[in-house]
Amino acid sequence: MTTVLKVEQITKIYASRGKMTYTALNDVNMQLEQGEFVGIMGPSGSGKTTLLNILATIDKPTAGRISINGHNPLKMSNRDLSKFRRRELGYVFQDFNLIDSLSIKENMILPLALDKVSSSEIERRVQFIAERLGIENILDKRTYEISGGQKQRTAIARAVIHEPSLLLADELTGNLDSRAAKSAMDALEQLNTELGTTVLVVTHDPFTASYCKRILFIKDGKLFTEIRRGSSRPAFFQQILDTLSLLGGNFDDIPSTRLT
Amino acid sequence: MTFRALALRNITSNWHRYSAYFLSCTFSVTIFFLYISYMYHPGLVQIQSQLGEIGQGIIVTCSILIFGISFFFVLYSSSGFISSRQKEVGLFSLFGMSKWQLRLMFVYENLLIAIASIAVGIGTGTILLKLFLMSMSYYMILESPLPFYFPIDAAIFTAVAYMALFGLITLWTLRKVGKKELVELIRSEKGNDQKLRFSWLLGISSIVSLVYSYYLAWHTHVEHLGSRMFPIFVLAIAGTYFLYTQFSVLIVRVLKLNRSWYYNGTNLLNISRAAHRVKENARVLFNISILVAVVLTSSASVYALDRSMHQHSRASHSFAFSMLKVHDKPFLLTIDQVKTVAEQYQHQITAVEELEIIEATSNSIYGRTGAVSLIRQSDLNRLLTTIGRQTLEPLDEDVYWFDQRVNELFQGGNRINPGTIEIQLEGLKQSLNLTINQKIDDTLIPSRYASGDVLALPDLQWEQLYNQVSPKLISKVIMVDWTNWEQSYWLVKELERLADAPNSYYMTSRITDNYEVQQTSSLGFFIGIFISLMFFVASGSIIYFKMFNDLQEDKSYYQSLIRIGLSIQEIKRVVNVQIGIIFFLPCIIGSLHTMFAMKTLSNIMNVDAMSYGFTIVLIFIVMQSLYFLASRRAYLRVILQGIAR
């Protein structure tokens, strides 16, 4: 099995204008194998988002090493980095970030169009992914005509259409009701099992996390513990809840974006 | 914290948000103040009184126009500014600020901005006034440079007028404050994108009517001006409107059909978003296009008239200064005297030509008796060499005919173009038949000293006549050219003083002959430039506010694009297209309208208005580009802020 993501001794320290420094991540190590479905959980302020930003290569760690599919994004120039992002990474946002002026299909193909893939190849991939995610009937609709679950599945389709080596998801069910959240997670699970996409999900929703095969808990910028799923998801869900209560911290917080 | 302090704090700590609003208010105050203090400058009031009723009317109309433009402009920017602060309003009311307290806060804020921009505007205007008066005196060749003065009346007038303007507008915009539900205010306004609808019929007819109005404008001459003016305006305006609302969507639909192009890189983003932008802002774009067209057309017309006056004076005198000697009256000054004075005034003499003329009459050209002037072909060729024209082959028998009337702006009268001209000379019994070898439309000798038609005879024949005719018919012209003739008004005045012959027939110059015409047209030109400048700032600022109102929404859009994998370069390219469309589309459409209007003007008058129009359009586009670059910089700085690396 090949290693897709390797993070070694990542530390991130923010320095404010004064002499105050704030350690967001402290000596974090982790490793993802091809085809894994991993979750990261932690209370707010634990450093989840910082970690995700670093993995998404839009932020740089103060110290440490990262390797994604054998590449070292820390040594890349700006231009290579954006190319790297659109080839090797897929990104799913909490608020979908679909582009209103584009149709569903056009939203999906954006990474391919940016990479100048031929239009026949684009059509083929659209069909392939849309069927798997159950959005083939809404391809010509616009973003305001579809439900939240469909939006998130479109966003997932956009994130995997270029077959990235790593799919990153940031609170992808945060803006969805429970049914839509289930449909989005089902879709993600299906992609993971059928296509072998490596998935890394950041969430603080235990239900969403229960889809993962493995969950890393993070607290105050440090890895706290790691649990693995057995065969049953309900049992795993309970296990997550237990770990969370052990972890403490405030999980009821509402991310600011939810207001909008 | 008192309310005044809060308002002040709002402004000082959010300076970047207020600065654009403040600067554009200041600018319009400056322009208005400059215009008023210039128009009521004691030195100029005199010139204006020469303009007559129409001229006076134009000046008053222009003041109203400038004020009107600034009214709508300030109204627009202030309401745009308030709506961009909705979220803030929502927060304040969430903390318990009442509707009236909110309004009070806005009144304080607007009051502060109004006072500051009036003060700064008048201050800047006073500084610019000196510069402006200097360039104005230079350009209009005034008797003495306009003295600098601090126009108290103009300052008070500007301050009162703008205070009233700001007050009115503040009241107007306040109607809206506090009327919306709190939730709506706190939620960031999300533009609900509608599906882009369009009709093929309207889309295509917009292009058809535009092209047809252009065709009509291109082929309009004086005789059908009256009947065509109205259809051209209606077609052009309707065409422009549907161009933005219908044709823009249509063209995008067509572009999307080419899959391999559409799916290529940032085209996907550019095209679809451009269509939305144009459709959403269709009314603003339409208004700006029409205003650009109106303003560019009027300033190009004024410019064309001014330049053609200048050209006319250039063409009517091939030399800067001339003197005449007739048999009983010698030259008023010797050429050495002229040289000395010219050097005193820092003009270098570049050429001196002397030429003898025999006066004859003929009725072959007009069908009635008219004067013709006879010169020697060798003199002619010397003259042509001096003014840098092609010389003509000396002939044995035939003559060259110089038609000096073509350069006159409004030519009239029925002319005959005969192959031979029969001339009569006083003192000679029989008339003389001269065969025309070539007719040339050009002015060589000031039309005051030679008639409209100059015939260049073979040297031998001319000398025979010279010896036969009475000396009364012979005159001599001395023509002088010097550098920088546009500024030689004072030199000529000094020469007249020296000869003790003010406004003498025997002395003429290019500059004095056209002095008044040029002054009037310069005045018109300056007023035109004022209004254009005013408008330019207004339209630019409207676009600027439009752009910055959507800024927060755009920012999250671009940030998600970066996560998807757009490089900074690609983001910049996308931004270029998005902002460029809003800046340049109305500019280009308006310029096109202008060019066709100029074609009509060229058809109506003996003026090459197209090239002047082109100059004006070019200047406008350059200025608009500068505005674009500055706004793009500010925009990108905000967009890319917080994006690491």
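Predicted model: local features only at pLDDT ≥ 70, side-chain atom pairs only at ≥ 80, totals over all residues.
Local features require pLDDT of at least 70 and side-chain atom pairs pLDDT 80 or more, while totals for chains, interfaces and linings use all residues. Residues are numbered from 1 along each chain, chains are lettered from A in the order in which they are written, and side-chain values use heavy atoms, without hydrogens and water.

With a salt bridge taken as a side-chain nitrogen of Lys or Arg within 4 Å of a carboxyl oxygen of Asp or Glu, the count over all chains is 26. One of these connects B:E570 with A:R86 at 2.8 Å, N to O. This pair joins two chains, because B:E570 belongs to helix α21 (residues 568-604) of chain B and A:R86 to helix α2 of chain A; helices (H or I, at least four residues) and strands (E, at least two) are DSSP runs. Both B:E570 and A:R86 are buried, where buried means under 20% relative accessible area, exposed over 50% and partly exposed in between (1.4 Å probe, protein chains only).

Within chain B, the closest N and O atoms of B:D403 and B:K439 are 3.2 Å apart in a salt bridge. Here strand β4 (residues 399-403), which holds B:D403, is linked to strand β6 (residues 432-441), which holds B:K439, across 36 residues. B:D403 is buried at 3% relative accessibility, whereas B:K439 is partly exposed at 31%.

A local example comes from helix α17 (residues 489-499) of chain B, where B:R497 and B:E494 sit three residues apart, about one turn of the helix. Their salt bridge has a closest N and O separation of 2.8 Å. B:R497 is exposed at 55%, but B:E494 is buried at 16%.
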